[in-house]
Structure formats: C-alpha cells, structure tokens
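Thanks for asking me to look this over. My comments follow as numbered points, to be read with the model open beside them.

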Amino acid sequence: MDMPLAHLDRPFDYLVPAELDAEAVPGVRVKVRFAGQLVDGWLLERVEQSDHPRLAYLEKVVSPVPVLAPEIARLARAVADRYAGSLADVLRLAVPPRHARAEKELVGAAPPPADTAPAGPAAGTAGGTGTPPVGATVVPAGTASAGPTAEAVPLDPRGWRDYPAGPAFLRALTDGRAPRAVWSALPGEDWAARHADAVAATVAGGRGALIVVADARDLDRLDAALTGTLGPDRHVCLSAALGPARRYRAFLAARRAEAPVVIGTRAAMFAPVDRLGLVAIWDDGDDLHAEQRAPYPHAREVLLTRAQLGGAAALVGGYARTAEAQLLVETGWAREVVADRTTVRARTPAIAPTGDDPQLARDPGAATARLPSLAWTTARDTLRADAPVLVQVPRRGYLPSVACADCRTPARCPHCAGPLALPSAAGTPACRWCGRVAAAYACPECGGRRLRASVTGARRTAEELGRAFPGVPVRTSGREEVLTTVPAGAGLVIATPGAEPVAEGGYGAVLLLDSWALLTRADLRAGEEALRRWLAAAALARPGAAGGRVVVVADGALAPVQALLRWDAAWFAARELAERRELGFPPAVKMASVTGPAEAVADLLAGARLPDDAEVLGPVPADEGRERMLVRVPRARAAALAEALHTAAGQRSARKAADPVRLQVDPLSLF
C-alpha cells in the first residue's frame with residue numbers, strides 16, 4: 001500500500017518487539033499498523049525513548065537487508081524539502097522495488113556495511129516513516145564486485161593536460177580533497193576517458209565515485225572506459241534497461257560496497273556509494289536528467305546536494321554549459337576547467353553559417369533553402385574525399401507535419417484537431433495525436449486535397465540526400481534504431497539530436513539543418529538547447545587542420561550561432577544568465593509552478609503562506625484544460641517557498657481535496 005500524503009510527511013514512532021530486535025536495524029523495510037491498515041514503511045533509526053506516551057508495535061520486518069543507507073535517507077529528506085515533496089516520493093525513486101529471489105541469492109554472500117549495525121535496546125522505540133507507505137521505482141542495472149580499497153590504480157593525466165586546471169583537479173581527488181569543477185570539454189574529447197581518469201584518481205585516494213549520464217548509449221561508452229581504466233568488476237551500472245531481478249542485484253551490490261564506483265542514468269543519482277569522494281554528471285542540460293515523477297528532482301541538483309552534504313568533489317561537464325552550471329562558477333561554488341583559446345582553435349573544426357552576408361551574396365536562396373549551396377558543396381567535397389558526413393535533423397519520421405498545398409493551411413485531424421503526418425512518400429496521412437487515418441482529407445479552408453511538407457523529418461531527409469548523392473551509403477540513427485559507430489569512408493549519416501553515432505577518425509563534415517525548429521521554440525531554454533545539440537554534433541567532426549568542417553544553416557549573427565562559431569559555450573552561458581537575472585527567470589531566481597484545475601490551484605495558493613517578496617504570475621493555460629500559476633522568489637527564499645507550498649499541499653490532502661495539483665520547483669518548462 002502506498003500513501004505518500006503531504007500532511008503525513010513526518011516520521012512516526014513504533015515499539016520494537018523483542019522477537020524483531022535483531023532484524024530491526026536502520027534501513028530495513030517494515031510493515032506497521034497505520035490508521036487501521038497494514039502499510040509498508042522504512043525503519044529510519046533506533047532510539048531509547050519516545051515523546052509519545054502510547055505506541056504501537058512493528059508488525060513485521062519485511063526483509064533483514066538494510067537497503068536504505070543512512071546517508072541516502074538524509075539526502076532524500078533534503079531533496080524532498082528542496083522540491084516541496086514528501087519523503088515517501090523521494091524514497092520511491094531512491095530504492096528499487098524489492099526482488100525477493102535476488103535478495104536471497106545475495107544474503108550471506110558478503111558482510112553488510114558497518115553503518116547497518118543495530119542500535120538501541122532489545123525492545124524499545126523504533127523510528128519508522130509515518131508515511132511508511134513507500135514503494136520504490138528507481139532503476140539500477142549491471143553488477144560488479146570489488147572492494148573500495150585505496151590500491152594502486154592506473155592514473156594517466158595526459159588527457160586532462162589540455163586544460164590548465166585539469167592536472168590540479170586530479171591531484172586534489174587523489175589527495176582526498178573535494179574540488180568542485182564545471183568542465184567545458186574540447187571538440188573531439190573522449191569525455192568517457194576523462195571521467196575514467198577522474199574516477200581512477202578518486203579510487204586511488206581511497207574513496208568511491210558516482211557518475212550520472214543521460215542515456216544508455218552514454219552509459220555503455222562510460223562502462224567501457226571504466227573497464228579499461230580500472231579493470232573488470234570495479235564498478236556497478238544502474239539503468240532502466242534491465243529487468244527487476246538484475247536491477248535489484250546491482251543495487252544490492254552497490255549497497256554492500258562490493259565496488260567503489262557506481263555509474264548510471266538518472267536512476268543512479270541516489271545510489272549508495274561507500275566513502276563517496278566524487279559525484280559527476282555529463283551533459284547536465286539534457287532533459288533526460290530531469291525526473292518525471294514527483295517531486296521531479298533533477299540529477300544535477302541531487303548530485304550537488306550529495307556533494308554538499310557529504311563533503312565530496314563535484315564535476316559538472318559537457319560540450320555546452322547550462323545557465324545553472326554558469327551560476328556555480330559565478331557564485332564561486334565551483335571553478336571552471338577550460339582549455340586555452342589556442343588549444344580550442346587547434347581542436348575545433350572549421351565552422352561556417354549559411355545566413356550571413358557573404359553567403360547570401362553568393363547564394364541569395366540560402367536564406368530560405370533547406371540545404372543551401374554551401375552545405376551541399378561541403379557534403380559533396382567531403383564525400384569525394386572519402387570521408388563520412390553527419391547530417392543532424394531536429395525532427396524524426398518522414399513528414400511529421402503537412403499543410404494544404406494550395407493555401408498552406410496546416411493539415412489537422414477532423415476528429416481531434418491534432419497535426420497530420422505522412423509516414424512515407426506513398427503513405428496515407430494520419431493524426432499524430434489519436435492515430436486516425438485521414439485518407440479522404442480535404443482542406444477546410446479551400447477544399448484542396450493535395451498536401452505539402454511543413455516539416456521534414458530524418459527519413460525524408462535521408463531519402464532526398466540518397467537521390468542527391470547516388471551510390472553513397474545512407475544510414476539513419478534515431479529513436480527507432482540508434483547507431484553507436486559508423487565506419488570510416490564516404491557515407492551519409494542522418495541522425496536526430498542525441499542519436500549521432502561516432503565515426504572512426506571523425507566526420508569530415510557535419511551539417512546542422514532546420515535550425516529554426518530549435519531556435520523558434522516557445523521555451524526559455526531554446527537557445528541553450530540548440531547550442532547544446534549543435535556542439536554535441538560538431539564535436540564529432542575532425543579538427544579543422546584535418547579537414548573537418550561544420551555548416552550550420554542559420555544566421556551567423558544569432559548568439560547561439562556565434563557561440564558555436566567560436567566554440568565558446570561559457571560566453572553564451574554567461575550571457576544567458578545575465579539576461580535571466582534582468583528578466584527574473586531561473587536560475588537567477590527560484591520559481592515554482594502550480595498546475596491543476598483553476599479552482600484547485602487557487603485553493604492551494606490561497607492557503608499557502610508565501611514569503612513576503614513572492615510574486616505570483618499567471619494564470620496561463622496548461623494541458624488538458626488545466627491552468628498553471630508561477631511563483632517567483634529570490635534564491636535566498638527558496639527554502640521558504642518550498643516549505644510554504646508543501647504545507648499548503650498538506651492542508652489540502654488532510655481535508656481530502658478532490659482535485660490534484662502538481663507542484664514543481666525549478667521546472668524545465670515554464671510556458
């Protein structure tokens with residue numbers, strides 16, 4: 001049973017019967033009687049006495065394995081407070097569901113960590129969660145076995161010497177100190193190897209490490225790098241890719257300190273690590289790092305909180321830099337690790353836009369063409385030089401959006417008004433929302449039946465380029481099929497952002513098409529996200545001295561394009577942060593969104609004792625007939641805002657308000 005109610009978000013005391021004393025250690029799953037029902041819970045601590053005169057007894061210890069580490073319980077409480085959530089919700093993310101068979105296989109295989117020794121009398125008071133109903137849905141994957149000893153680990157700092165502060169960062173890790181760094185990676189950088197170097201330095205200092213990446217492909221690359229640096233069975237992989245048994249086995253291996261290093265996707269942000277000395281996150285701007293379940297924590301913020309609470313080092317890295325990472329640098333919480341401009345210029349491919357004045361003078365159609373002459377000739381010359389070409393297309397599918405060929409009115413589904421799409425050249429238009437086929441579609445404005453492309457997807461792009469360059473192999477990489485690597489030699493690779501494969505020896509050319517689709521999104525982070533995706537693709541190209549070229553189909557005067565041309569993500573992040581300070585947007589301020597039916601949103605805000613300097617903005621329409629209100633406060637008042645919203649949510653849950661309200665602190669999307 002699961003009841004993560006806001007008004008019950010506090011620990012409750014129970015007596016421990018004598019027969020359960022040996023098993024009732026902090027961190028075990030228990031069952032308790034609560035409000036007449038038998039519910040699940042966690043035993044948080046053992047104490048001698050309680051302030052409550054009448055206590056019920058623990059009903060059962062579900063498992064004697066203490067899966068909830070004390071430091072993770074403290075972290076979960078801090079994360080719940082930061083995001084105006086409940087401890088029950090965070091623990092559901094932190095600890096995976098129990099798998100009894102996997103647990104029995106490992107019981108007795110190795111001694112439990114020392115922090116799980118029983119505390120308190122044989123029969124006394126136990127601290128359990130009064131919102132004991134906490135299930136778990138975090139997702140580990142992979143196994144490993146090796147103790148976190150300070151044995152000699154191969155340490156090669158050569159890759160970090162391209163960054164003046166890099167060797168000092170590794171020395172600090174080896175010495176057991178806690179440096180905090182924001183790392184801007186060079187183009188062509190083997191980021192997985194650099195993380196492996198940092199992990200090796202941490203392990204050499206006798207401590208453990210935790211690294212979070214965005215997706216399974218990055219995890220596989222990091223897994224291979226760590227295996228090559230530390231050797232086999234020296235780290236645990238946690239992700240959503242494996243089944244319940246293997247996931248739980250991997251989590252137990254990490255909990256029992258069988259390996260000094262844990263890596264994974266955002267599921268690993270709460271993973272227990274013995275003597276944690278380093279937390280790291282790669283590409284923190286990727287939206288996959290944001291948890292989609294309440295209280296919606298971001299992996300970057302969870303890891304930085306762990307570093308703060310545990311005195312661990314922190315490394316926030318990427319080709320791009322988020323405004324949040326820039327704030328860490330400007331406030332002095334972290335130091336930046338960047339290469340000097342000479343090194344950057346030597347490693348960067350030759351980058352050119354198609355929308356500046358010189359290009360328009362040569363090709364007047366470049367302002368409207370999807371593949372201007374500069375992009376076409378770059379691809380042709382690269383293929384003639386027997387080198388691969390990467391083409392990044394923001395949209396997947398064939399024609400994900402179509403319009404009337406006569407009057408240009410967007411084609412909409414007659415049933416739900418969703419956008420119509422074409423699955424292939426000879427396909428029938430179908431709705432992207434409800435899936436209904438519109439075989440007899442007629443434009444409601446002019447009655448026309450012919451359709452034209454409004455947005456071109458990756459598969460249609462591959463088809464067009466295949467006709468333009470006959471005889472050249474064409475490969476696609478996207479959600480349906482993600483390529484990891486492609487061979488050297490002439491070939492076209494059409495990929496959506498995040499699915500770009502690595503080419504042997506690097507790409508000879510990278511074409512960044514349909515830039516308008518990224519830059520014109522109604523999103524606070526549109527420019528930041530566009531630059532992040534462009535840099536990730538451009539980083540796969542060869543250096544300019546080796547013939548590597550990048551063509552971005554955009555106006556060279558735009559700030560994100562300027563940052564790409566100079567390969568200066570730090571400049572763009574500083575610019576973005578300054579603008580957000582002036583306009584009062586995150587991360588310069590703290591902002592929370594309250595989404596739900598209009599009456600429910602008004603009810604919650606009316607009962608919230610918001611800080612005096614809070615600004616309430618809205619309402620604005622949300623999805624499915626709901627509305628959204630935004631609450632903005634200075635960063636110094638973030639804790640007060642979260643507490644006020646959580647308390648108001650508790651009042652609503654205590655009186656059993658019918659309509660749910662979604663609370664999000666620091667939401668990625670504001671509009």
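1. A definition to start with: contact means heavy atoms within 4.5 Å. Helices (H or I, at least four residues) and strands (E, at least two) are DSSP runs, numbered from the N terminus. The model is predicted, so local features need pLDDT of at least 70 and side-chain atom pairs count only at pLDDT 80 or more, while totals for chains, interfaces and linings use all residues. Residues are numbered from 1 along each chain as its sequence is written, and side-chain values use heavy atoms, with hydrogens and water left out.

2. Overall picture. The protein has 19 helices and 28 strands. Of its 671 residues, 55% count as buried, where buried means under 20% relative accessible area, exposed over 50%, and partly exposed in between (1.4 Å probe, protein chains only). Among contacts with a separation of 6 or more, 76% are between residues 24 or more positions apart.

3. The parallel sheet. Seven strands make an open sheet with parallel pairing, in the order β8-β9-β7-β10-β11-β6-β12. Its edges are β8 (235–238) and β12 (335–337); each has a single partner strand, so one side of each is left without a neighbour in the sheet. On average, neighbouring strands here are turned by 15° against each other, direction ignored. Two strands pair if DSSP finds at least two bridges between them, and β7 (208–212) is joined to β9 (261–264) by four bridges, running parallel. Within that pair, V212 stands opposite G264 in β9.

4. Helices on that sheet. Helix α6 (residues 216–230) packs against β7, β8, β9 and β10, and its direction makes about 160° with that of β9. Helix α4 (residues 166–174) lies across β6 (180–184), β10 (276–282), β11 (313–318) and β12, at about 145° to β11. For these angles, axes are lines fitted to C-alpha atoms (for helices over the stretch in contact), and values run from 0 to 180 degrees between N-to-C directions.

5. The antiparallel sheet. Four strands form an open sheet in the order β26-β27-β25-β28, with antiparallel pairing. The edge strands, β26 (615–621) and β28 (662–665), each pair on one side only. Neighbouring strands of this sheet are turned by 20° against each other on average, direction ignored. Five bridges link β26 and β27 (residues 627–634) in the antiparallel sense, and E615 has R632 in β27 as its bridge partner. Helix α18 (residues 598–607) packs on the sheet, touching β25 (589–596), β26, β27 and β28, with its direction at about 135° to that of β25.

6. Helix α19. What does this helix pack against? Its buried residues pack against α1 (70–82), β25, α18, β27 and β28; among those buried residues are L641, L645, H646 and R652. The helix spans residues 638–654, and its 17 residues reach 24 Å from first C-alpha to last, close to the 24 Å expected at 1.5 Å a residue; the expected span is 1.5 Å times one less than the number of residues. Just after α19, K656 takes a positive phi of about 55°.

7. Strand β23. In β23 (residues 509–512), A509 and L511 point one way and V510 and L512 the other, and all are buried. β23 pairs with β14 (residues 388–392) in the parallel sense over four bridges, with L511 as the bridge partner of V391. Four bridges also join β23 to β24 (residues 549–552), again parallel, and A509 stands opposite R549 there.

8. Two single residues to look at. R300, in helix α8 (residues 299–310), is buried because its relative accessible area is 6%. Leaving aside neighbours within four places in sequence, R300 is in contact with I281, D284, T322 and E324. The side chains of R300 and E301 are joined by a polar contact of 2.7 Å (a pair of N or O atoms within 3.5 Å; within protein, one must be able to donate a hydrogen and the other to accept it, and residues adjacent in sequence count only if both atoms are side-chain atoms). A425 lies in the loop between β16 (420–421) and β17 (430–431) and counts as exposed at 60% relative accessibility. Not counting residues up to four places away in sequence, A425 touches Y398 and E463.
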